[in-house]
Amino acid sequence: MAASQSTSSNLNHVYLNGRTLEGGGQLVRIAIGLSALTGRPVSIDHVRGNREGKKGLKRSHAAAVKLLAEISGSKVSGVEIGSQFLNFFPQSTRSESGPLLDLSQVTVKSEYDIKLATAGAIFLVFQALYPYLLYVGSQATAPFVKVNITGGTNGTHSPSYDYAVQVLVPNFAKLGLPPLPITLHKRGWTTGPVDLGAVTFFIHTLGSRYNQDDKNQPKGSSKNDQAAEPQCSFPRINLMDHEPGKVTRIDITVLAPDQPTLNTDTEEGTGSTVRQFIEQLTQRTLRRETRKLDQSIFAKSSTSPPPKEDPLSKSSSKHTPVPIKIHTSEATNHRSHVYILLVAHTSSGFRIGHDILGSMGGDRLSKPKNKGKQKHQPARDPRRESQNETAFSAAADLVRRCVEGFIREISNESPNAQPDQKPVSNAKRACLDEYMRDQVFVFEALGKACRADVHDTEATETGTVEDQRDWTLHTKTAQWVCQQMLGV
């Protein structure tokens, strides 16, 4: 029976319309995660109802629901692939002293092995499991919970391993969540040939935060503060308490093939591979575009030396506002395996990221037919040259779009504001990029729910509020689900 037609005498049972706002998989992941944490049953109708094409649960969504149900000992129905309704029934009861589970009733293992049948997004599955394991993991015998997941590390519409390590995890730590080391064993791509990757997460749980030495306590806290805070409570997060800071440096990550190579008679360079081409073009484009921005967003550095001359850039003699460096550069083995990530480090300790996944077109890499030394110049191959031109044109387009998105994130302008929208006088932008913003909302809501009986103000001492013009549909969806599940 569909969720909207269900009746229940349980006042704690929550019914959600899966077509609300973004109406996709994020709604499902947040809802079942909060259901497992609070012990409140949830039923979702019209699952992924706003998605184009096939509605209902995809394979990765169904896997996440089943895994969380298994880990939390919950009962589920409607978890078949394509199902448009879902019922999730936790078996543990809520604590008498708070909104979350009674930990004395919870059993948790120290290690979990999760193997997806396809290259489904590892980090979307982890997103559903993380809040629950972060809380109940204190019941494990080990100091952390180890989670091994096989699936996709770089895919469409999902966070990559690189974004998670360089942006997500540092920002979580800055906001008061415990450490989250992540180990990459092998990359897995959701595009091109099926190739499963593997990642291990080491979840240091909330309980472990209160067993640290004084020198490791969060800044501004004391032993008395720590003792007064509920054991295993989610930290209070108010983004308006944090300044965005100024950009101090920009890191570039490039994953791309080393074939084809650029023709030697072009003005772009000599013998450059696609990967090298992307590195060089990204650096040049960032240098040009950052000089156009309001320079007040960058940290002043009077001691940093001028950047090294780029022989391929006509404007390299002009200084860039901040250092721009290659953080990671790896060769891939397929035209569809092209990924770029740009990360701004800020003086306040936050990271702002923007990435793109794309393809150079074609099915296979264009490799030279002749090997070894050649005494004569090989004959021109017009077809191969045309393929190469297409590949480099596609790579250049990816660089352009990635840099444009990144510049919107670090500029003073709201990236999602409509022309007719004016900011509230006491509003300011959050210190996070638009994707990171919706990832944090669950933890904000849990921190508020854990302190529902404690007087707490939303704004800072100056009465500053967040500029919600920056919010994406995903962020608004996260807010709505948290309100329905937690009442905050």
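User: Which strands does helix α6 lie across?
Analyst: In this predicted model, helix α6, residues 274–292, lies across β9, β10 and β11, and runs at about 155° to β9.

User: What order do the strands of that open sheet take?
Analyst: The 4 strands are arranged as β10-β9-β11-β12 with mixed pairing. Because β10 (324–332) and β12 (351–358) stand at the edges with a single partner strand each, one side of each is left without a neighbour in the sheet. Neighbouring strands are turned by 10° against each other on average, direction ignored.

User: And in what sense do β9 and β11 pair?
Analyst: Strand β9 (residues 247–257) and strand β11 (residues 338–346) pair in the antiparallel sense over 8 bridges, and Ile252 stands opposite Leu342 in β11.

User: Switching to helices, at what angle do α1 and α9 cross?
Analyst: The axes of α1 (residues 25–38) and α9 cross at roughly 30° and come within 10 Å. An angle under 35 degrees counts as roughly parallel, so α1 is roughly parallel to α9. The crossing in which α1 passes α9 is right-handed.

User: Which residues meet there?
Analyst: Those from α1 include Leu27, Ile30 and Leu34, and among those from α9 are Trp480, Val481 and Met485. The residues of this contact divide into 10 nonpolar, 5 polar and no charged.

User: Is Thr475 buried or exposed?
Analyst: Thr475, which lies in helix α9 (residues 473–486), has a relative accessible area of 0%, and because buried means under 20%, Thr475 is buried. Leaving aside residues up to four places away in sequence, Thr475 touches Glu434, Arg437, Asp438 and Phe441.

Technical notes:
Residues are numbered from 1 along each chain as its sequence is written. This is a predicted model: local features need pLDDT of at least 70, side-chain atom pairs count only at pLDDT 80 or more; totals for chains, interfaces and linings use all residues. Side-chain values use heavy atoms; hydrogens and water are left out. Helices (H or I, at least four residues) and strands (E, at least two) are DSSP runs, numbered from the N terminus. Buried means under 20% relative accessible area, exposed over 50%, partly exposed in between (1.4 Å probe, protein chains only). Contact means heavy atoms within 4.5 Å. Two strands pair if DSSP finds at least two bridges between them. Axes are lines fitted to C-alpha atoms, for helices over the stretch in contact, and angles run from 0 to 180 degrees between N-to-C directions. Angles under 35 degrees count as roughly parallel, over 145 as roughly antiparallel, 65 to 115 as roughly perpendicular and the rest as oblique. A crossing is left-handed if the near helix is turned anticlockwise from the far one by less than a right angle, and right-handed if clockwise. Ala, Val, Leu, Ile, Met, Phe, Trp, Tyr, Cys and Pro count as nonpolar, Asp, Glu, Lys and Arg as charged, and the others, Gly among them, as polar.
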